[in-house]
Every structure is written in C-alpha cells, then in structure tokens.
Amino acid sequence: MPNSPAIGHPLESFRFADLFAGLGGFHLALKNLGGTCVFAAELQEHLRALYEVNHGIRPEGDITLVAPEDIPDHDVLTAGFPCQPFSKAGEQLGFECTEQGNLFFNVVAILDFKKPKFFILENVPNLLKHDEGRTWEEIQNELGLAGLGYHIKAAKFSPHNFGIPQIRERVYIIGSREPFSENFNWPITADAETSITTVLDKHPADAKKLSPQVLDCLQVWNTFLTSCPKQTELPSFPLWSMEWGATYPFEDETPYARRRQFGADGLLTYKGSHGCVLGHIRGIDERWAALPSHARTEQLKFPKWKKDFIRQNRKFYADNREWIDPWMSSVLRFPSSLQKLEWNVKGGKRDIWEYVLQFRASGVRVKRRTTAPSLIAMTDTQVPIIAWEKRYMTPKECAKLQSLDGLKQLPDTPTKAFHALGNAVNSSVVERVARALLNGVSPEKVAQAREKTGRHILRQMEAAA
C-alpha cells in the first residue's frame, strides 16, 4: 500500500537509528514523517546491500559487535528485535535463547548510552504474555522510570486495522523521555472490510504455479468438503484426519507415558493414525511412527488445548464416519502436515478453489478473500495461494501487504524475498504509531526538546568550523 502523506508533528525534522533493519520498514515510515536515518544495523549481508540500494545508507552488521558510543546521536531509536524467542510458533525460550533472546539487551545498552528522546519497538503479541508475563515485566523494568527512565506505552495493531488486507497482529512498544500528553492517542483503527484483491495483480506472469502434488492435495480436500452433507456443519477447530479412527490414550496419560511404564507392549491394544492397528506392527520404532506426530511428544500429560483438539476430532469422526471412511484412503498419500485442514470460512461455500490458502505446519489453512494470512518468514511452500487462479502470491504482491511497495528493489530471488517480507514490519502501521508518538508529548516538553536539538546542531557547526 502506498505510504500516506506526511502529517506535521512537533519535531519537524529528526534523526533516527534503525536496528535489525531488514528491508527498512521503519526507515520508510520515519522518512515519510521527516526523519533522517543516521545509523542502521542488519546482520544479513544481502539485506545490507539491498538497504543501501533502497535507502542510500549501508547498515552495519552484527549489532552485538557495535559499541554504543560509535552510534551517531539520534532522536528516535527503532528496533523490530527478533521475535522467534517469544513466538507461540517457536520454543518460547525468550531471553534464555542464546542466539537471539539477548539481543533486546543490546537495544537497552544503546538506549542507555545514547539516550534518544523516543524509541519504537515491535514484536509478536505473545511477548506480553511470555513466561506468564514476567518477560514483559522485565522489559518495563529495564526501560521504564525505574530503569532507563522512559515513559512507556504498548498496544497491539494489525495491518487490517488500517484497511490493509492482512491479519498480522504485532505489539508496538513506544517510549518517551518526557511524559506523554494527557491527550495522547494511539492510531485510530477502523472496522471497514478489506479485500485481498486490492493488492493482487491479475494472472501475473512471474507467479509460481501450483505443483501437481499441491493440486492433488487441494482436490482431495475439496472432495472432502463436497462429500460433507449440507446439514453437517464443518467445525472451526483444526481437522486432524490422523485422529479419525485413532484410539491411543490422551486424556489421563500419553503414549509416551505408557511407553515409559510398560515398554514396547504398552500400545499394542490401541490404534494409531487413521485407525492403524498398532498391534499389527512388529518394530518398536515403526509402531511409534504410526502414531500422529503430535502424539509422540515426550510428555506425561498433554496440555489442555491438545486434548481438546483430539477429543473434538474423534467425536467429529464418530458422528460422520459413514461419509468420511470412503474418502479417508485418499489423504494417506500426503505428508502429515497436508493431512490437516483449518476451515476458517464458517458458513462459506464449500469449494476450496474460491479462497485464499496457505500451507502451514498446522495444516492446509483456508481463509476468505477479505485478508491474506499473516506473512511469516516463509519458505516458498508457505506463501499464500490464490486458489481461484491456482497460483502463489508474488513477492511484489506480498510487499504491498507489508506497505513496502515503495522500495526500489526486493531481494533477487523469490525465496529471499518471501523470507525478508515475512520478517519485515508493516511500514504503514509503523508510520501511524510513530506519528502518535511524535505528537504525544506535552507542548512545553517539545519546546525544550527543540531547544536542545538547536543547541546540538550549533555545537556541531562550531566543531566543524
């Protein structure tokens, strides 16, 4: 989506630093508000080269090797610090993740030494709940009045809140060295319906077509949809076909618990994926592999959400096996991730070719045309599918979903482009958040900030003379 026109704010010109810069979503947003980038950092070499092409400044590399005192003075620090340690999709190691979790403290060190007037941080929403809220509490202690002395606010926004057809909620944490005005307002969100067609090109020549296996899989699931009697409501919980016919224990114990207690014979009397009789399988490893992958975790008790999904799937099968059984053999030729379906179009037409699709570890996800699935650091197979044209979205179209279509150039291969776009911040959302921040301090504090900025510029001119 094109960037909106810059709207005036108290700091008409300002300097900013762009950490974990990626494609430069923060850069586009703050430049559009009158900012000048004086420092950027990005670990990946090909993205550093691309950042220079797009933004005219070459980022430094590994931020852990940059001394805070070597970073130029700036008014605003931005950082979409790595989200993997806090994401629900990962191991949620948080600050204990040795590779990425501690990068937040590099941000803290720079804020502590350079003391910019403002900062904007972006991460996954789960950051606020991670480790039962202790991670968020630690972040506030580090950055807030008891730590570095910033006044802090946090809010969650998704591009679709602002008319951009992608549901991708992120938390934005903003900080100001001066108190926020009593009239501070976060960006105003709207409930207007969106449509993915607003970012699509019609039958683009560079779009990747669906492979024969993908077409085959989607046709099998489409047959499932059309076989379902009209009076039978398709459930909104994930459909796990491997649970249809399975009888292994899950409520009070797990397959792992039985294996520990009874050894190789602990599962002989049960059925595994798609009703496979485990007692008919001789090898211990082969018998274990005949269980659904989600049932092979080394847990003595399953979490509630998993037990709920297993229970719901088994009941759905018991109520509908008359028409499911004749279909079931057709799904067996696909890998486990393609044997699951997420029907997110409750009440919609039962035709898979009418929707936006995405292959995820959780299954084949089916969504209405109103929005695209959340862009992630995707492999080529996870790119959203435009089913009615039997193709994947192009990098150019995905860039529009991230409000990055203003870039001169994207990464030189689709694989690199999709990965970078999945890691990017949405420039349009950032711009709205940044505008709220820059407008959000009290007028008398802004006057003081301008005076300080003027003195700084004067000192620079005197030093240059």
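The model is predicted: local features need pLDDT of at least 70, side-chain atom pairs count only at pLDDT 80 or more, and totals for chains, interfaces and linings use all residues. Residues are numbered from 1 along each chain as its sequence is written, and side-chain values use heavy atoms, with hydrogens and water left out.

**The sheet**
- Six strands form an open sheet in the order E2-E1-E3-E4-E6-E5, with mixed pairing.
- Its edge strands are E2 (35–40) and E5 (151–157), and each pairs on one side only.
- From one strand to the next, the twist averages 20°.
- Strands (E, at least two residues) and helices (H or I, at least four) are DSSP runs, numbered from the N terminus.
- Two strands pair if DSSP finds at least two bridges between them.

- E1 (residues 14–19) pairs with E3 (residues 76–79) in the parallel sense, over 4 bridges.
- Phe16 stands opposite Val76 in E3.
- Helix H1 (residues 25–32) packs on the sheet and touches E1, E2, E3 and E4 (118–123).
- The direction of H1 makes about 170° with that of E1.
- Helix H3 (residues 103–114) also packs on the sheet, touching E1, E3 and E4, and its direction makes about 175° with that of E3.
- Contact means heavy atoms within 4.5 Å.
- Axes are lines fitted to C-alpha atoms, for helices over the stretch in contact, and angles run from 0 to 180 degrees between N-to-C directions.

**Cysteines**
- A search of the whole structure finds 0 disulfides (pairs of cysteine sulfur atoms within 2.5 Å).
- Cys37 counts as buried because its relative accessibility is 13%.
- Cys398 counts as buried at 0%.
- Buried means under 20% relative accessible area, exposed over 50%, and partly exposed in between (1.4 Å probe, protein chains only).
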